[in-house]
Amino acid sequence: MTDEKTATFLVTGADDESAVLSDVTDAQVHTLSENPGLAEGDVLEATVAPDPPMNVTYSVVEVAERKQIPVEESDETPTPRSKEVAADLAAGDLETVERAGVGEVHVLGVPEDGVEQTVEDVLSDEQTVARAARIGIERVEVRSGENFVAVRYLP
């Protein structure tokens, strides 16, 4: 039996000597004993294995895919569907809507004076990228309205 793990990982930290990977499905953290050229924010479809004898650090066995998932604020207005969903949301509520085709939209109800801060929070939150990687998305677009923020996970 092998202790190798194949999963989708988000690189949450990286320097010249090591990197930290977080499994986007179970949030397990894997510290690499050396950095094979990874950068913070990379998303990997990879296999890692523990380093003997203590098995506390890991090495990358294989990388099937490596990419960045851009998370950007859009100047476009929210879609009519997002506006419709937001109309029924109180501040602090979240509604997930399936997109036609691939992806989903998360509509967050926020206080009117909190829209700008919420957009900034979504743009900087590594969990936005982890969620996109988990559902197999290529990019994330953030749009905002008067009292809501729509996070669009797009193919």
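Modeller: Happy to! A salt bridge is a side-chain nitrogen of Lys or Arg within 4 Å of a carboxyl oxygen of Asp or Glu. The model is predicted, so local features need pLDDT of at least 70 and side-chain atom pairs count only at pLDDT 80 or more, while totals for chains, interfaces and linings use all residues. Residues are numbered from 1 along each chain as its sequence is written, and side-chain values use heavy atoms, leaving out hydrogens and water.

The structure holds nine salt bridges. In one of them, Glu138 pairs with Lys67, with the closest N and O atoms 3.1 Å apart. Glu138 sits in the loop between H3 and E9 and Lys67 in strand E5 (residues 58-68), so this pair ties together parts 71 residues apart in sequence. Helices (H or I, at least four residues) and strands (E, at least two) are DSSP runs, numbered from the N terminus. Lys67 is buried, at 17% relative accessibility, whereas Glu138 is partly exposed, at 39%. Here buried means under 20% relative accessible area, exposed over 50%, and partly exposed in between (1.4 Å probe, protein chains only).

Next, look at helix H1 (residues 80-87): Glu84 and Arg81 are three residues apart there, about one helical turn. Their closest N and O atoms are 3.0 Å apart.

Finally, Arg143 bridges to Glu141 at 2.7 Å between the closest N and O atoms. Arg143 is buried at 7% relative accessible area, and Glu141 is buried at 10%. Through salt bridges that share partners, Glu76, Arg139, Glu141, Arg143 and Arg152 form one network.
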